[in-house]
Amino acid sequence: KSIENDVEIERTVRFVEDAFAGVRMKDITKQMYQKVLNELGKNRTTATVRKYHIYMKLCLKEALAEGIIYRDPTIEVTVEGKRKSKEEELKYLNYEESQKLIAEIKRNLQPRYMSRYIILFALATGCRFSEIIGLTWNNVDLKNKKVTIKQTWDYKYMNEFSNTKSYASKRVVTIDDDTIKLLKELKVNQSKQALKSGLGDKYNPHNLVFINNRMELISNNAVNKTLKSLCDKLGLKEITFHALRHTHASILLYKNVNIKYISKRLGHSDVSMTYKVYSHIIDEMEQMENRAVDNIMKDLFNV
């Protein structure tokens, strides 16, 4: 019940395999387990370390119950991450900054610069990086202006399709006319490249949307470098790719889009998660609403 989806299970299994490589389960000591948690916490938040700890502890408790191990090495360990939580480090571009970024990208937008297309798509949809690079053409409906998010691409470990972060992450996201135009450009370019290569349908065997002319997926690191370069050029605050998701949400909130719709669009499990992540933005919006109400009452009482 604690493990939400197959992706979390896969990640935990891979982490445990790497962390305790060559060590038999019954030989794991509290000191070894603590050392693994400490390493895990160097570049992760406390919440993330706690999540891995819960998953590993569940496995070890099961092993203890089955008589595979004879002591629980997870008792009274310290669970702590050095990285700040998302609430503390939440970064995003405001409406005007986003406009500047989009305008700069459009000045030199060519299919060979795939990172730029990915950045624009993220701003337009709020999709996660793994969802974007895992998007296939059969899940793009240009006629009805929507894309279906039903899978991701595991670029960290398996280099193949994987499940979405949670069941709620499987969703349909509407797309605007400008984004449709971008996707059509990519589709035409891929057809040209396939013909030029002589490979035909084999040019893009996975039918992926965001691949470069060498039939390769763009790495998260490469997109972040492009994003950093663009922000530096425009004098904007330095952000990572995930901040584009926050930017998309903040713009919708700024434009008074219903938060329940935003939550569904982002693929959150429930609206409370959206409130939690974007609480400070919502607080700012509520303060603006307070002033708006004051002005409405002023007009009402001063006929």
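Colleague: Where is the place of Asn256?

Modeller: Helices are DSSP runs of H or I with at least four residues, strands are runs of E with at least two, and both are numbered from the N terminus. Asn256 sits in the loop between α10 and α11 (259-266). This is a predicted model, in which local features need pLDDT of at least 70 and side-chain atom pairs count only at pLDDT 80 or more, while totals for chains, interfaces and linings use all residues. Residues are numbered from 1 along each chain as its sequence is written, and side-chain values use heavy atoms, with hydrogens and water left out.

Colleague: Is Asn256 buried or exposed?

Modeller: A residue is called buried under 20% relative accessible area, exposed over 50%, and partly exposed in between, using a 1.4 Å probe and the protein chains only. Asn256 is exposed, because its relative accessibility is 55%. Its phi is near 65 degrees, which is a positive value in a residue other than glycine.

Colleague: What is phi of Lys145, and where does Lys145 lie?

Modeller: Lys145 also has a positive phi, near 60 degrees, and is likewise a residue other than glycine. Lys145 belongs to the loop between β1 (140-141) and β2 (146-149). With a relative accessible area of 36%, Lys145 is partly exposed.

Colleague: How should I read the span of helix α2?

Modeller: The expected span of a helix is 1.5 Å times one less than its number of residues. Helix α2 (residues 30-41) has 12 residues, so it should span 16 Å; the C-alpha atoms at its ends are 16 Å apart, in agreement.

Colleague: Which residues of α2 are buried, and which are exposed?

Modeller: The buried ones are Tyr33, Gln34, Val36, Leu37, Leu40 and Gly41. They lie on the same side of α2, because they cover an arc of only 155 degrees around the axis. That arc is taken from the directions from the helix axis to the C-beta atoms. Gln31 and Lys35, on the other side of α2, are exposed.

Colleague: Which residues does Thr179 touch, leaving out those up to four places away in sequence?

Modeller: A contact means heavy atoms within 4.5 Å. On that basis, with residues up to four places away in sequence not counted, Thr179 touches Phe121 and Ala124. Thr179 is part of helix α8, and its 4% relative accessibility makes it buried.

Colleague: Is Gln193 buried or exposed, and in which helix is it found?

Modeller: Gln193 is in helix α8. Gln193 counts as buried, because its relative accessibility is 16%. Apart from neighbours within four places in sequence, Gln193 is in contact with Tyr203 and Asn213.
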